[in-house]
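Subject: Handover of a structural model

Dear colleague,

Please find below the structure that I am handing over to you.

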Amino acid sequence: ILINNRAFPGRKMSASEFKFKIVMLGDFAVGKTSLVKRFVFNAFDDLYLTTIGVRVMKKEVVLNDRGEIQVTLLLWDIGGHQDFQEVTPQYLQGARGAIIVVDQTRVSTIEKIESHIGQFRAENPDGAVAVAFNKDDLSAEAGSPEEVDRLVAFNRERHGGAVFRTSAREGKNVQELFTFLAGIIVSGSRR
């Protein structure tokens, strides 16, 4: 509480609370569900089950040390399949952010980053976007680590630094990916 411009300890200021819809986009088997499960439950499962349609999970995060910014993320894990373009527009509506997930061991998924971003922006022109180069634990299988490094650097330059090398299996950069995107959205909401 502020009285005469002085703060009195022991009383917590009310927190800023936000709720945002985030969509997970990418081809099949890139690790969208695994990233969400690692983020929400801190768990990884080697068993691959294709997501049919959409699966929604929720996670609450605090964006600063004092707990003043609390964000509820509604994570829409959208199945990546051949009918992607026919199914997703209704799922994309109202999303404040998107995480485009690619499998860095499959160049064909990396080549579709712009397509996924374009589809998201068609429904949400002001939405925030981050890119996850997933399966970093398998980067040796990617063929040329230098080529993956080049693609990551290219996408970082193109997308303002919102590109992360992630591993759902190891938990690498998963928390950072989601909290970074939440921070960008909160910053845009406060303007």
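The notes below go from the whole chain to single residues.

The structure is a predicted model, in which local features need pLDDT of at least 70 and side-chain atom pairs count only at pLDDT 80 or more, while totals for chains, interfaces and linings use all residues. Residues are numbered from 1 along each chain as its sequence is written, and side-chain values use heavy atoms, with hydrogens and water left out.

Confidence and overall make-up

The mean pLDDT of the protein chain is 83, and 81% of its residues reach 70 or more; pLDDT is the predictor's confidence in each residue, from 0 to 100. Over residues 1-14 the pLDDT is below 50, and this stretch has 9 contacts in the model beyond near neighbours in sequence (contact means heavy atoms within 4.5 Å). Among the elements of the chain, the lowest mean pLDDT, 36, belongs to strand E1 (residues 2-3), and the highest, 96, to helix H1.

The protein chain contains 7 helices and 8 strands. Helices (H or I, at least four residues) and strands (E, at least two) are DSSP runs, numbered from the N terminus. Of the 191 residues in the chain, 43% are buried; buried means under 20% relative accessible area, exposed over 50%, and partly exposed in between, with a 1.4 Å probe and protein chains only. The chain exposes about 10,500 Å², of which carbon and sulfur atoms supply 49%; accessible areas come from the Shrake-Rupley method with a 1.4 Å probe, and for residues only the protein chains shown count as cover. Among contacts between residues at least 6 apart in sequence, 70% join residues at least 24 apart.

Strand E3 and its partners

Strand E3 (residues 16-25) is mostly covered, with 7 of its 10 residues buried. E3 pairs in the parallel sense with strand E5 (residues 69-78) over 9 bridges, and likewise in the parallel sense with strand E6 (residues 97-103) over 4 bridges. Two strands pair if DSSP finds at least two bridges between them. Ile22 takes part in both pairings: Leu75 in E5 stands opposite Ile22, and Gly97 is the bridge partner of Ile22 in E6.

Salt bridges

The structure holds 6 salt bridges, a salt bridge being a side-chain nitrogen of Lys or Arg within 4 Å of a carboxyl oxygen of Asp or Glu. Asp136 has two of them, one with Arg165 (3.0 Å, N to O) and one with Lys172 (2.3 Å, N to O). Lys172 lies in the loop between E8 and H7 and Asp136 in the loop between E7 and H6, so this pair ties together parts that are 36 residues apart in sequence. Asp136 is buried because its relative accessibility is 10%. Arg165 is also buried, at 17%, whereas Lys172 is partly exposed, at 33%.

A further salt bridge joins the side chains of Asp103 and Arg106 (3.6 Å, N to O). Asp103 is buried, with a relative accessible area of 2%, while Arg106 is partly exposed, with 22%.

Arg38 is found in helix H1 (residues 32-41). Not counting residues up to four places away in sequence, Arg38 touches Ala43, Phe44, Ala168, Arg169, Glu170, Gly171 and Val174.

Val174 lies in helix H7 (residues 174-189) and counts as buried because its relative accessibility is 2%. With residues up to four places away in sequence again left out, Val174 touches Leu35, Arg38, Phe39, Ser167 and Ala168. Val174 and Asn42 are 132 residues apart along the chain, and their C-alpha atoms are separated by 9.5 Å.

Yours sincerely
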